[in-house]
Amino acid sequence: MELEKVDEIVERNDAAPSMLIAMLQEIQSEYNYLPKDALKRVAGKLGVPLSRVYSVANFYKAFSLVPRGRHLVQTCLGTACHVRGAYKVLEQLQRTLDVKPGGTTDDQGFSLEVVNCLGACALGPVVVIDGEYHGKMTVSKVESVLKDYKTREVSE
Amino acid sequence: MKRLRSASELEELRKSLLAGRDPSQPMIAVCSTTGCSASGAKTVVAALQRELVSQGLENKIGLKATGCHGFCERGPIVVMYPQKIFYQQVKEEDVPEIVSRTVVNGEVVDHLLYKDPTTGETIAFEEEIPFYKKQMRILYANNGKIDPTSIEDYIYLGGYSALSKVLFTMTPDQVVETIKRSRLRGRGGAGFLTGRKWEVARQAPGEVKYVICNADEGDPGAFMDRSLLEANPHSVLEGIIIGAYAVGANEGYIYVRNEYPLAVKHVGIAIEQAQAYGLLGEDILGSGFDFHFRISRGGGAFVCGEETALLASVEGLCGEPRPRPPFPAVKGLWGRPTVLNNVKTWANVPHIINRGADWYASIGTEKSKGTMVFSLVGKINNTGLVEVPMGIKLRELIYDIGGGIPGGKKFKAVQTGGPSGGCIPDSLLDLPVDYEALTKAGSIMGSGGMIVMDENTCMVDVARYFLNFTREESCGKCTPCREGIERMHQILTAICEGRGQEGDIEWLEELGHVAQDAAFCQLGKTAPNPVLTTIRYFRDEYEAHIKDKKCPAGVCRALIRYFVVEDKCTGCGLCRRNCPENAISGKKKQPHVIDAEKCIRCGLCFDLCKFDAIGVE
C-alpha cells in the first residue's frame, strides 16, 4: 500500500499528536476508510503507541476501519425524522440493499450508515446519498431513489 | 484587503462601504444554507444567474446567496430588495417569472407568496407572516441580509464595532463586569452565568489561557448553532475575540461537528478574512492584543458536547469526560484556564457590548435574560428556527409561531433539551419558557431543540428512542451510565415488544434515579430524563403497553396490526405487488386481505395506499 499520502498528511499537521483526529479525518477522505497500515504509519510517525491511534479511530463515529462502498447512504435518525417514521425508511433500505447499518453491499456498491440529525428537520425523514439530500422520504420512495444511483453508475 | 491598524481605520472602511452601496438598488437574496439548499436553492441561484444574463440585467441587479431565514419549511426562500418581497418554495421554473415580473416590472408574483392557512390571505412581507410576528430577532436579525462569506457585508452593518469599542475604551475587567451585569447565561443548556465563568478564568493564575467555542451541536433535532455559523460566522467570531480579551486568552478553538461541512467552510473563510483585515491574529486593530484562532473538527461523538470530553477531543484524545471540579475555567485545555461557551452565547456578546448590559437585562424573565433560539421541529406546521424572548409561553411558540399540528391531529407533548431533556404535556402549555420553569417541569432548556409530538407519537417509543441514543453515545467510562442506561433500554424494549411486566415502571424509575445521582458526567446524569418525564406525564401509556399489551398511538410494532378497510379498498393491487413478505392477497377489483401471520408490519402498504384503505390498530 502506498503510504506517501499518509506521510504528507502527518507532516502537514506538524506531526503533532494533538492533531491526531484531524489527521485521521484527512486520511479517511483520501482512502475512503482508515487502512490498518496507515494507522501503523501514523503511530510510528507520531511516536505514540498504535493502541492510542486505534482507540481514537474506534471511538469516533466518523471513522470507518473497513472499506466503504462507492455510494454512501446516510439515513438520518434524528428525533424529528424518528417521529415522522424514519425507522421504517431505514428498514426498507436494509431490505432493499440487503445490508445492515454500518455494512457495505457485497458488490461494494452501497454503504449504509445511520446519522444523528443532519439538521434538515423540515425535510424529514431525510436520506443523504453521496451528499445529496432526499427529503420527505417514504418507504415506497426508497427503491426508486436507489435505482437512480445504480443507473447513473451504469451510464457512467 | 488592507490591514486595519486602528479603530478609526475600521470606521473609515465602514464609511466607504456605506458610501459605495445604494440600499435602494434592486437585489435578489436567496437563502443558501443547508435547509434551503437541500430543497433546491442551488438550482434556483443558477437559474437566476442565467436568466439575469439572458435579459442583460446581470450588472444592474445584485444577486446574493445569504444565510438562513429560519422558515425552513418554506424553503427555498428568495427575498426581493428593496421592496423586501418574500417568496417561498421557489422552484427553478419560477425564475423567469420572478425576473420578468418583479425585477423588470416591479410586480408581485402572487403564487409565490406565503398564504396564511387560516385566513387564506397572501402575505408579501416577512415581518407580517405569523411565523415571524412574535419573534424577537437579535442574533438572527442579519442572517438574511448578509452574504456569510463576505466580511464587508458584516462590517457594513456595524460588525466588529463592539470589538473596537472593547479594545480601545474598556479594560478586560470592565468587559467581564458588563457581561455579568447583563445576566447572560450559557446557551449550551446548563445555563451557568457567562460573566461569572469569565471572571473565574480571568482571575485564575497562569499566563496561558484559552477560549473555546462549543459548536458540537449533537442534540438530534437541533440545528440553531449550525445555522448561525453558516449564516453569520463573523458575529460569533467577534464575540469570541471579545471574550478572549476579557479573560486574557491569546489562543482559541472552535470545535465544530464534522457533519456540518458548510459551517466549517464558512467559519474557515471568516477566520481568513478577519486575519487579513487585522481583526484576528497579531496586534488586533493596532491595540497590541494578540489572538490566534483555529478550527477543530469533531469526530461524531455526542459526548464531546460535554465540556471536559470536548477538551480531551481538542487535545487529540478519545472524548471521555473527567470529573469536575476543577472546572475548565480553572484547569481546562492542557491544564490551563479555559472558557468554553456555546455558539449562541458568544454571538450575544457583541450585542451586549454595543447596546449595553441594561438593555439586555431588560429582555426576558427575572432569571433568564435575552432571547433564545429554538429549532421547532417534528409534528408541526412551520418547521424552522425561531428566536424569541425568554419567558414566552410554549403555547405561543407552538401555535402562534409554529402554526399548530399538521393534519388536524391533536397535540400530545413537546420535547425540549434533546436526549437530556424531557417531554412536556399539553396541561403545561402555558408554561413560560425559561431555565427554571423547564427544570421544574422535569425537562431542561438545553441548547434549543424543541420537538413537537402529536397523538400518533408513542411516548414509550420516544423514551426508548432517546435511551437508545444515549446508550450508543455513552463513552462507557462509568457504570451507572454504561450499565444502567443499557438496562433501562432493555426494559423499555421489552415493554414496546409486548413483554412488559408489572413492576417495570418502578424499575425504570429506580434505575433512572441512580444514574441521575451517580453518573460521572451530564450525559449520564440527564439521560434518564426522557424516561422519567414520560412516566410522570404519560404513565397510562406505559400501563396500556404492559397490562393491555396495546400501543395507543399505533407505533409499537409488536402491539399493532394492519388491516384492510374493506369498503375503501378498490382492489388496485398496489399493496399486494409491493408487500415484501407477500402477505397481502386478493383478486383484482376485490377487497384485499392481509395475512397477520406473514405481516412484518413494515407499513409499506399503509404508506402506498391511495385510498386510505389500510388501517392500523
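Q: At what angle do helix 19 and helix 22 of chain B pack?
A: This is a predicted model, in which local features need pLDDT of at least 70, side-chain atom pairs count only at pLDDT 80 or more, and totals for chains, interfaces and linings use all residues. Residues are numbered from 1 along each chain as its sequence is written, and chains are lettered from A and ligands numbered from 1 in the order in which they are written. Helices (H or I, at least four residues) and strands (E, at least two) are DSSP runs, numbered from the N terminus. The axes of helix 19 (residues 479-496) and helix 22 (residues 529-547) of chain B, lines fitted to C-alpha atoms over the stretch in contact, lie 11 Å apart, and the angle, on a scale from 0 to 180 degrees between N-to-C directions, is about 35°.

Q: How many residues of the contact of helix 19 with helix 22 of chain B are nonpolar?
A: Two residues are in contact if their C-beta atoms, placed from the backbone, lie within 7 Å. Met488(B), Ile495(B) and Cys496(B) of helix 19 meet Val531(B), Tyr542(B), His545(B) and Ile546(B) of helix 22. Ala, Val, Leu, Ile, Met, Phe, Trp, Tyr, Cys and Pro count as nonpolar, Asp, Glu, Lys and Arg as charged, and the others, Gly among them, as polar. The contact has no charged residue, one polar and six nonpolar.

Q: Is Ile271(B) buried or exposed?
A: Ile271(B) sits in helix 12 (residues 261-276) of chain B. A residue is buried if 20 or more other C-beta atoms, placed from the backbone, lie within 10 Å of its own, exposed if 12 or fewer, and partly exposed in between. Ile271(B) has 21 such neighbours, so it counts as buried.

Q: Which residues does Ile271(B) touch, not counting residues up to four places away in sequence?
A: Asp358(B) is 87 residues away along the chain, and its C-alpha atom is 31 Å from that of Ile271(B). The contacts of Ile271(B) are with Leu280(B) and Phe293(B).

Q: Why is helix 14 of chain B largely enclosed by the rest of the structure?
A: Helix 14 spans residues 343-355 of chain B. Its buried residues include Trp346(B), Val349(B) and Ile352(B). The helix is largely enclosed because the buried residues number 11 of the 13.

Q: Where do the buried residues of helix 4 of chain B lie?
A: The buried residues of helix 4 (residues 95-105) are Val95(B), Ile98(B), Val99(B), Thr102(B) and Val103(B). Seen down the axis, they fall within an arc of 115°, taken from the directions from the helix axis to the C-beta atoms, so they line one face of the helix.

Q: Which residue stands opposite Phe374(B) in strand 12 of chain B?
A: Two strands pair if DSSP finds at least two bridges between them. Strand 11 and strand 12 (residues 384-389) of chain B run antiparallel, joined by six bridges. They form a hairpin with five residues between them. Opposite Phe374(B) stands Val386(B).

Q: Which residue of strand 15 of chain B stands opposite Val377(B)?
A: Strand 11 and strand 15 of chain B run parallel, and four bridges join them. Opposite Val377(B) stands Ile451(B).

Q: How many residues of the side of chain B that touches chain A are charged?
A: The contact takes 37 residues from chain A and 43 from chain B. Elements giving two or more residues to the chain B side include strand 11 (371-378) and helix 18 (459-473). That side has 17 nonpolar residues and 19 polar, and the charged ones number seven.
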